Amino acid sequence: MNHFYALLSRMRHIRRWSLMVSHYPENLAEHSLMTAILAHGLAIIGRDIFGKSHADPNACAAAALFHDAPEILTGDLPTPVKYFTPYLRKAYGEVEQAGTEKLLSMLPDGLREAYRPFLSPGECCTLVCEYVKAADKLSAYIKCKEELRAGNREFKEAQESAIKKLSNMNMPEIEYFLEHFLPSFELTLDELK
């Protein structure tokens, strides 16, 4: 019996933003889906708007679906804790790697190598990793904007940090998304129709 897919289904039980008071609670499954949608979109923007013919939207979406999967076993360690010291970052990296190996061990031998690039970020192509990382940060930024829009000032500093990280990535795809798509996140359902 292999438990891989059953364990992945538990992503919905892993709460994100655990140190923050959230108006809209978010779980790992919701975050992973949004990150996959954004990674796919950023890769399409890269390919179709900026001529990056080697951008693969489908590979980006698949990698983003699994980018935080080890957190099923490790939990979501808040960013301020994870990066508090170089020692903690290194130690948590080792914990994440152990989680990845445990997940891979739950697959039959014939499937492990197919999933390894998705579960081990360093093993996917550089451009895919770039888009997933950008989408992850963009997803966090959108979450912060939604919380602030609901009157939750708890996310003010996190939003400032997220936009700074996005800006530091120097990706025209991010700027394009922020200009052409982000304003819609401020609208109500009726305004989106």
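**Entry 1: helices and F84**

I take helices to be DSSP runs of H or I with at least four residues, numbered from the N terminus. I keep in mind throughout that this is a predicted model. With that convention, I looked up F84 and found it in the loop between α5 (79-82) and α6 (86-105). Is F84 buried or exposed? I noted a relative accessible area of 65% for F84, and because the cut-off for exposed is over 50%, F84 counts as exposed. I also looked up its separation from L42: F84 and L42 are 42 residues apart in sequence, and their C-alpha atoms are 30 Å apart in space.

**Entry 2: the nonpolar cores**

I turned next to L42 itself, which belongs to the largest nonpolar core, a set of 27 residues. L42, Y131, L138, I174 and F177 are the residues with the most contacts inside this core. I then listed the elements that give two or more residues to the core, and they are α2 (28-48), α3 (57-66), α8 (126-149), α9 (156-168) and α10 (172-180). Which of these gives the most? I found that α8 does, with 9 residues.

For L138, I set aside residues up to four places away in sequence and found that L138 touches L38, L42, L166, F177 and L178. I also noted a second, separate core of 15 residues, with L7, M11, A69 and M106 among its members.

**Entry 3: α2 against α10**

I looked at how α2 and α10 pack, and found their axes 9 Å apart at an angle of about 110°. Because angles from 65 to 115 degrees count as roughly perpendicular, α2 is roughly perpendicular to α10. On the α2 side I recorded L38, L42, I45 and G46, which meet E173, I174, Y176 and F177 in α10. Sorted by class, the contact of α2 with α10 has 6 nonpolar residues, 1 polar and 1 charged.

How many residues of α3 are buried? I noted 7 of the 10, so α3 is largely enclosed by the rest of the structure. The buried residues are P57, C60, A61, A62, A63, A64 and F66, and I found that the buried residues of α3 pack against α1, α2, α7 (109-119) and α8.

I followed up on α7, where the axes of α3 and α7 come within 8 Å and cross at roughly 85°. That angle makes α3 roughly perpendicular to α7. The contact is made by A59, A62, A63 and F66 of α3 together with Y115, F118 and L119 of α7. By class, I recorded 7 nonpolar residues in the contact of α3 with α7, with no polar and no charged ones.

**Entry 4: salt bridges**

Side chains of opposite charge can pair when their charged atoms come close.

The side chains of R16 and D68 meet in a salt bridge, at 3.8 Å from N to O. This pair links distant parts of the chain, as R16 is in the loop between α1 (4-8) and α2, D68 is in the loop between α3 and α4 (71-74), and the two are 52 residues apart. I checked both partners for accessibility: R16 counts as buried at 9% relative accessibility, and D68 likewise counts as buried, at 10%. I also noted that R16, E26 and D68 are linked in a network of salt bridges.

The salt bridge of D48 with R47 has its closest N and O atoms 2.7 Å apart. D48 counts as partly exposed at 48% relative accessibility, while R47 is partly exposed with a relative accessible area of 34%.

At 19% relative accessible area, K145 is buried, because the cut-off for buried is under 20%, whereas E186 is partly exposed at 34%. Leaving out residues up to four places away in sequence, I found that K145 touches Q159, L182 and E186.

Terms used. Residues numbered from 1 in each chain as written. Predicted model: local features only at pLDDT ≥ 70, side-chain atom pairs only at ≥ 80, totals over all residues. Heavy atoms only, no water. Core = buried A, V, L, I, M, F, W, Y, C linked by side-chain atoms within 4.5 Å. Buried < 20%, exposed > 50% of the residue type's maximum accessible area, 1.4 Å probe, protein only. Contact = heavy atoms within 4.5 Å. Salt bridge = Lys/Arg side-chain N within 4 Å of Asp/Glu carboxyl O. Axes fitted to C-alpha atoms, helices over the stretch in contact; angles between N-to-C directions. Parallel < 35°, antiparallel > 145°, perpendicular 65-115°, else oblique. Nonpolar A, V, L, I, M, F, W, Y, C, P; charged D, E, K, R; others polar.
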